[in-house]
Amino acid sequence: MNTAALREQIQKARQTENQTGRLKRQLEAKLPHLHSAIQLPDANREEALTSFVTAYIDEVPDMLDAANEVAREAGIESQIKPVLRIAEQYFIQPPGGWTACWAKPIWHTALSKRSTTCTSSTSASH
């Protein structure tokens, strides 16, 4: 597993987010459409959601490493490795690219009641 590349992508995405605030704006736009099971505090809803999503993203490389380790210890690494590689590649280079919507692969389907598409980095609308 090359989770070092994934960690590097996450670090770059964090730097981009610090400069642009794109993720925070996208999450703020999703607040009215959150699944009913998601409960946020009344105060600082945007901040709570942003903190949760970024913490979740930070855990992805560790989760992939842990899954790989468990598979190796269980003697099923050869069966699991292809699945983990697909997951790893999905997070390293998601559809649309990280610059288009750096967190979409992780948070999009879990948080949204309806399907939307992130805009590309070259799009006039943000």
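This is a predicted model: local features need pLDDT of at least 70, side-chain atom pairs count only at pLDDT 80 or more; totals for chains, interfaces and linings use all residues.

Modeller: Residues are numbered from 1 along each chain as its sequence is written, and side-chain values use heavy atoms, with hydrogens and water left out.

Colleague: How many helices and strands does the protein chain have?

Modeller: Helices (H or I, at least four residues) and strands (E, at least two) are DSSP runs, numbered from the N terminus. The protein chain has five helices and zero strands, in the pattern α-α-α-α-α along the sequence.

Colleague: How is a pair of packed helices described?

Modeller: The description uses the angle between the two axes and the distance between them. Axes are lines fitted to C-alpha atoms, for helices over the stretch in contact, with angles from 0 to 180 degrees between N-to-C directions. Here the axes of H3 and H4 come within 9 Å and cross at roughly 170°. H3 and H4 are therefore roughly antiparallel, a term for angles over 145 degrees.

Colleague: Which residues of H3 and H4 meet?

Modeller: Contact means heavy atoms within 4.5 Å. Among the residues that meet are Val-60, Leu-64 and Ala-67 in H3, and Ile-80, Leu-84 and Phe-91 in H4. The residues of this contact divide into eight nonpolar, one polar and four charged. Nonpolar covers Ala, Val, Leu, Ile, Met, Phe, Trp, Tyr, Cys and Pro; charged covers Asp, Glu, Lys and Arg; the others, Gly among them, are polar.

Colleague: Which residues of H4 are buried?

Modeller: Buried means under 20% relative accessible area (1.4 Å probe, protein chains only). In H4, Lys-81, Leu-84, Glu-88, Phe-91 and Ile-92 are buried. Of the 126 residues of the protein chain, 35% count as buried.

Colleague: Which residues touch the most other members of the largest nonpolar core?

Modeller: A nonpolar core is a set of buried Ala, Val, Leu, Ile, Met, Phe, Trp, Tyr and Cys residues joined through side-chain atoms within 4.5 Å. Leu-6, Leu-49 and Val-53 touch the most other members of the largest one, which has 15 residues. Helices H1 (3–20), H2 (22–30), H3 (45–74) and H4 (77–92) each give two or more residues to this core, and H3 gives the most, with five.

Colleague: Is Gln-9 buried or exposed?

Modeller: Gln-9, found in helix H1, is buried, with a relative accessible area of 18%. The C-alpha atoms of Gln-9 and Phe-91 are separated by 8.6 Å, although the two residues are 82 residues apart along the chain.

Note on methods:
Buried means under 20% relative accessible area, exposed over 50%, partly exposed in between (1.4 Å probe, protein chains only). Angles under 35 degrees count as roughly parallel, over 145 as roughly antiparallel, 65 to 115 as roughly perpendicular and the rest as oblique.
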